[in-house]
Amino acid sequence: MKLGEVKINFLEGKVLVNASSLQKYSRCPLCKKRSKSIHSYYQRQLADLPVSMYQVKIKLRSRRCMCRNHVCPRKIFTERFCSELSTYSRRLQRSRDLLTKIGLELGGVKAAMVSRWVGSCVSAATVIRMIKSFPVVDSRIPAKLWAEDDLQTAS
């Protein structure tokens, strides 16, 4: 992620980071065609891990771009960033990972209490939503993995 002007301010126990994108182009998420055509700008508010018990809020000025591929159904799209910042996300991946781990260990209400002590204030509902979005691995062994020879030798 290429960032342009970055300003860091301290305000009421929070670290506020203002940044803007410097990417030369963005790719359409559907057709993958590059676009330099800017439609408009908007501001994303993101949460990051706390620094020395200070909440970190990032205000990222992002661009909406126009897809110039006439066949593509998506005419306007927002620029994409690194894997640390997923689409529609309001917190960076590392912050989401930490809160999910705390939530999996403690549950919603207790995790919300601990998150305040850590400096990342979230509600119990937010913790539960993060837990629900956590991918679950099915640990059952499918029946088709058993070979017929194994079943015959076992009897």
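## A loop residue as a starting point

Pro73 lies in the loop that joins β6 and β7. The model is predicted, and the values below are computed from it. Pro73 counts as exposed, because its relative accessibility is 68% and the cut-off for exposed is over 50%. In sequence, 43 residues separate Pro73 from Leu30. In space, the C-alpha atoms of Pro73 and Leu30 are 8.1 Å apart.

## The chain as a whole

The chain contains four helices and seven strands. Read from the N terminus, the order of elements is β-β-β-β-β-β-β-α-α-α-α.

The chain has 155 residues, of which 31% count as buried. Among contacts in the chain with a separation of 6 or more, 50% are between residues 24 or more positions apart.

Met66 belongs to strand β6, which covers residues 54-66. The relative accessible area of Met66 is 23%. Met66 is therefore partly exposed, since buried means under 20% and exposed means over 50%. Leaving aside residues up to four places away in sequence, Met66 touches Ser35, Ser37, Ile38, His39, Lys75, Ile76 and Phe77. One of these, Ile76, is ten residues from Met66 along the chain, and the two C-alpha atoms are separated by 4.5 Å.

Thr100 is found in helix α1, residues 93-106. Is Thr100 buried or exposed? Thr100 is buried, because its relative accessible area is 7% and the limit for buried is under 20%. With residues up to four places away in sequence left out, Thr100 touches Met130 and Phe134.

## The largest pocket

Rolling a probe the size of a water molecule over the atoms shows where empty space is left. The largest pocket holds about 330 Å³ of space. It is lined by 18 residues, and those closest to the pocket centre are Tyr42, Arg44, Thr78, Thr87 and Tyr88.

Which element gives the most to this lining? Strand β5 does, with four residues. Both β5 (38-51) and β7 (76-78) supply at least two residues each to the lining of the largest pocket. By residue type, the lining of the largest pocket consists of seven nonpolar, five polar and six charged residues.

## The second largest pocket

The second largest pocket holds about 200 Å³ of space. Its lining is made up of Ser89, Arg90, Arg91, Arg96, Thr126, Arg129, Met130 and Ser133. Helix α3, residues 124-133, provides the largest share of this lining, four residues. Sorted by type, the lining of the second largest pocket has one nonpolar, three polar and four charged residues.

## Aromatic rings

How many aromatic pairs does the structure hold? The number of aromatic pairs is zero. A ring does take part in another kind of arrangement, with a charge. The charged end of Arg61 sits over the ring of Tyr41, at 3.8 Å from the ring centre.

Note on methods. Residues are numbered from 1 along each chain as its sequence is written. This is a predicted model: local features need pLDDT of at least 70, side-chain atom pairs count only at pLDDT 80 or more; totals for chains, interfaces and linings use all residues. Side-chain values use heavy atoms; hydrogens and water are left out. Rings of Phe, Tyr and Trp (its six-membered ring) pair if their centres lie within 6.5 Å; planes under 30 degrees apart count as stacked, over 60 as edge-to-face and the rest as tilted. A charge sits over a ring if NZ of Lys or CZ of Arg is within 6 Å of the ring centre and within 35 degrees of the ring normal. On a 1 Å grid over the protein atoms alone, a cavity is a set of points where a 1.4 Å probe fits but cannot get out, and a pocket is an open set with protein on both sides within 12 Å along at least five of seven lines; lining residues have an atom within 4 Å of a point. Grid points are joined across faces, edges and corners, and a volume is the space filled by probe spheres set on the points. Ala, Val, Leu, Ile, Met, Phe, Trp, Tyr, Cys and Pro count as nonpolar, Asp, Glu, Lys and Arg as charged, and the others, Gly among them, as polar. Buried means under 20% relative accessible area, exposed over 50%, partly exposed in between (1.4 Å probe, protein chains only). Contact means heavy atoms within 4.5 Å.
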